[in-house]
Amino acid sequence: MEPQEEARTLGASVPRPAGASGSPTRGEEERPEGSAAPVAAPAGEEGDGAGADGLWGLPVERAERRPECSRCSRPQKVCLCPYLPVYPLQISTHLYIIQHPAEESKVLRTVPLLAACLPPDKCTVKIGRRFSEERDIELSTVCRDSGTLILYPGAEATNLEEFILDSPVYPSTIIIIDGTWSQAKDIFYKNSLFRLPKQVQLKTSICSQYVIRMQPTSRCLSTLECAAGALSILEKNKYIQEILLRPLQALCSFQLQHGAQIRLSKEYLLKNGLYPKPMPKNKRKLRKMELLMNSVKI
């Protein structure tokens, strides 16, 4: 059984022992304590391999992290704040982002841009893979509230626009899972809390504008795009979607201008014989590939 990980809200940090500097270098692993560092052999006395080994004893300069903008979390030289609203959008819906830990370290993530557009008290980011009622009382209370929805596609999901027309209680909170599709699936199905709220999905034929990251199909949307679509429906304001998409469009445009390439969907690559990797031998993964290839043509 997989051990549970402690979930945390955005901003929490893991304490690190003083003086810790990550993984030991090769020299640190092989030298007994107190021995001298190896000295590089003079050129020509030993083979190339021995000369290269001596380089492990040379001091290494740490790469300095580029200073980041405190609002959009982008490096200051490529700050996207000019594309954010001057003031946070005034919304009544509370947005909960359940973020897989692997997403937190990705450079081109969209959640910081989304959070920068919304009031802090209306956007909560919780990081983790496993959540329980005992460990996260706040999230448990939210999931049990009749006004809470979770945005996750599937056979049991109701179209969001149709749901709000018939719901006796107008939704006040929506939960969105942030991660790859396999990570989101793992979080949704292995946390019973997330099957308590009403499951809804977006009914849209719009292609994703997050073109610098590969998606299973062109109709799969990024977390920011999902939030933009859902909030525009719940707030009954189509301009919310337009405002929230501006920083994403600027991010993709900048990356494409500086060497990034448009990432075509896996579905498109498979259908057109352009998929660069061999087909998987695992039957379950192979079945997924076949479903993508046999889906409706883009």
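This is a predicted model: local features need pLDDT of at least 70, side-chain atom pairs count only at pLDDT 80 or more; totals for chains, interfaces and linings use all residues.
Residues are numbered from 1 along each chain as its sequence is written, and side-chain values use heavy atoms, with hydrogens and water left out. Local features need pLDDT of at least 70 and side-chain atom pairs count only at pLDDT 80 or more, whereas totals for chains, interfaces and linings use all residues.

**Aromatic rings**

Rings of Phe, Tyr and Trp (its six-membered ring) are taken to pair if their centres lie within 6.5 Å; planes under 30 degrees apart count as stacked, over 60 as edge-to-face and the rest as tilted.

| Ring pair | Distance between centres | Angle between planes | Class |
|---|---|---|---|
| Tyr152 and Tyr189 | 6.1 Å | 85 degrees | edge-to-face |
| Phe188 and Tyr189 | 5.0 Å | 85 degrees | edge-to-face |

Tyr152 and Tyr189 are 37 residues apart and link distant parts of the chain. Tyr152 lies in the loop between strand E4 (148-151) and strand E5 (158-159), and Tyr189 in helix H6 (residues 181-189). Helices (H or I, at least four residues) and strands (E, at least two) are DSSP runs, numbered from the N terminus. Ring pairs join Tyr152, Phe188 and Tyr189 into a cluster.

Buried means under 20% relative accessible area, exposed over 50%, and partly exposed in between (1.4 Å probe, protein chains only). Tyr152 is buried at 8% relative accessibility, as is Phe188 at 2%, whereas Tyr189 is partly exposed at 47%.

**Helix H7**

Helix H7 (residues 223-234) has 12 residues, and its end C-alpha atoms are 16 Å apart, in agreement with the 16 Å it should span at 1.5 Å a residue. The expected span is 1.5 Å times one less than the number of residues. Because 12 of the 12 residues of H7 are buried, the helix is largely enclosed by the rest of the structure. Its cover includes strand E2 (94-99), helix H3 (111-117) and helix H8 (239-257). Lys236, which follows H7, has a positive phi near 55 degrees.

H7 and H8 pack at an angle of about 165 degrees, with their axes 8 Å apart. Axes are lines fitted to C-alpha atoms, for helices over the stretch in contact, and angles run from 0 to 180 degrees between N-to-C directions. H7 is therefore roughly antiparallel to H8; angles under 35 degrees count as roughly parallel, over 145 as roughly antiparallel, 65 to 115 as roughly perpendicular and the rest as oblique. The contact (heavy atoms within 4.5 Å) involves residues including Leu224 and Ala228 of H7 and Leu244 and Leu248 of H8.
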